[in-house]
Amino acid sequence: MINEQIIECPDGSFYRKDGGSPETSIFEKLADIEHQRWADWQKYLHSLCDVNPNGSLTIPSFFVNKWKKQIETPYQRLSEKEKDSDREQVQRYWNLINPNRF
């Protein structure tokens with residue numbers, strides 16, 4: 001037995017007592033983290049936008065130009081500050097995909 005919920009079978013495969021696979025459990029945890037990452041981004045983005053009379057949002061051109069440049073830049077060519085921002089996002093799920101590191 002690996003933990004209370006995951007059982008190792010004689011053939012070396014694993015299953016969860018609740019019927020799901022360990023992979024499904026990790027998949028759902030990653031999806032949950034991704035949703036929170038997206039929601040945090042949307043809150044940030046909306047806080048920077050101008051609200052129009054009809055309720056729609058306009059992104060100021062400064063941010064459009066900044067993000068367009070970042071979109072077109074490969075990770076390796078980003079500034080260390082920009083890379084740190086991406087690294088910070090990876091920390092949200094790093095322990096799920098690499099649990100032996102910490």
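1. A salt bridge is here a side-chain nitrogen of Lys or Arg within 4 Å of a carboxyl oxygen of Asp or Glu, and a search of the whole structure finds five of them. The structure is a predicted model, in which local features need pLDDT of at least 70 and side-chain atom pairs count only at pLDDT 80 or more, while totals for chains, interfaces and linings use all residues. Residues are numbered from 1 along each chain as its sequence is written, and side-chain values use heavy atoms, with hydrogens and water left out.

2. One of the salt bridges joins the side chains of Arg37 and Glu34, at 2.7 Å from N to O. Both residues lie in helix H1, three residues apart, or about one turn of the helix; helices are DSSP runs (H or I, at least four residues), numbered from the N terminus. Arg37 is partly exposed, with a relative accessible area of 28%, and Glu34 is also partly exposed, at 38%, where buried means under 20% relative accessible area, exposed over 50% and partly exposed in between (1.4 Å probe, protein chains only).

3. Another salt bridge is formed by the side chains of Arg92 and Asp40, at 2.8 Å from N to O. This pair links distant parts of the chain, with Arg92 in the loop between H3 and helix H4 (94-97) and Asp40 in helix H1, 52 residues apart. Arg92 has a relative accessible area of 29% and is partly exposed, as is Asp40 with 28%.

4. Glu80 is partly exposed at 47% relative accessible area, whereas Lys83 is buried at 12%. Salt bridges that share partners join Glu80, Lys83, Asp84 and Arg87 into one network.

5. The charged end of Lys83 also sits over the ring of Tyr75, 5.4 Å from its centre; the criterion is that NZ of Lys or CZ of Arg lies within 6 Å of the ring centre and within 35 degrees of the ring normal. Arg87, in helix H3, is in contact with Tyr75 and Glu80 when its neighbours within four places in sequence are left aside, contact meaning heavy atoms within 4.5 Å.

6. Which residue is buried yet has no salt bridge? Glu82 is, and the nearest side chain of opposite charge, Lys69, is 4.6 Å away (Lys and Arg count as positive and Asp and Glu as negative; His and the chain ends are not counted). Glu82 belongs to helix H3 (residues 80-90).

7. Rings of Phe, Tyr and Trp (its six-membered ring) pair if their centres lie within 6.5 Å, with planes under 30 degrees apart counted as stacked, over 60 as edge-to-face and the rest as tilted. By this rule the count comes to four aromatic pairs. Trp41 and Trp67 form an edge-to-face pair, 5.1 Å centre to centre with 65° between the planes. The pair links distant parts of the chain, Trp41 being in helix H1 (residues 22-48) and Trp67 in helix H2 (residues 61-72), 26 residues apart. Trp41 is partly exposed at 33% relative accessibility, whereas Trp67 is buried at 14%.

8. The rings of Phe62 and Phe63 have their centres 5.0 Å apart and their planes at 80°, so the pair is edge-to-face. Phe62 is exposed at 56% relative accessibility, while Phe63 is buried at 16%. Ring pairs link Trp41, Tyr44, Phe62, Phe63 and Trp67 into a cluster.

Notes:
Helix = DSSP H or I, 4+ residues; strand = E, 2+ residues; numbered from the N terminus.
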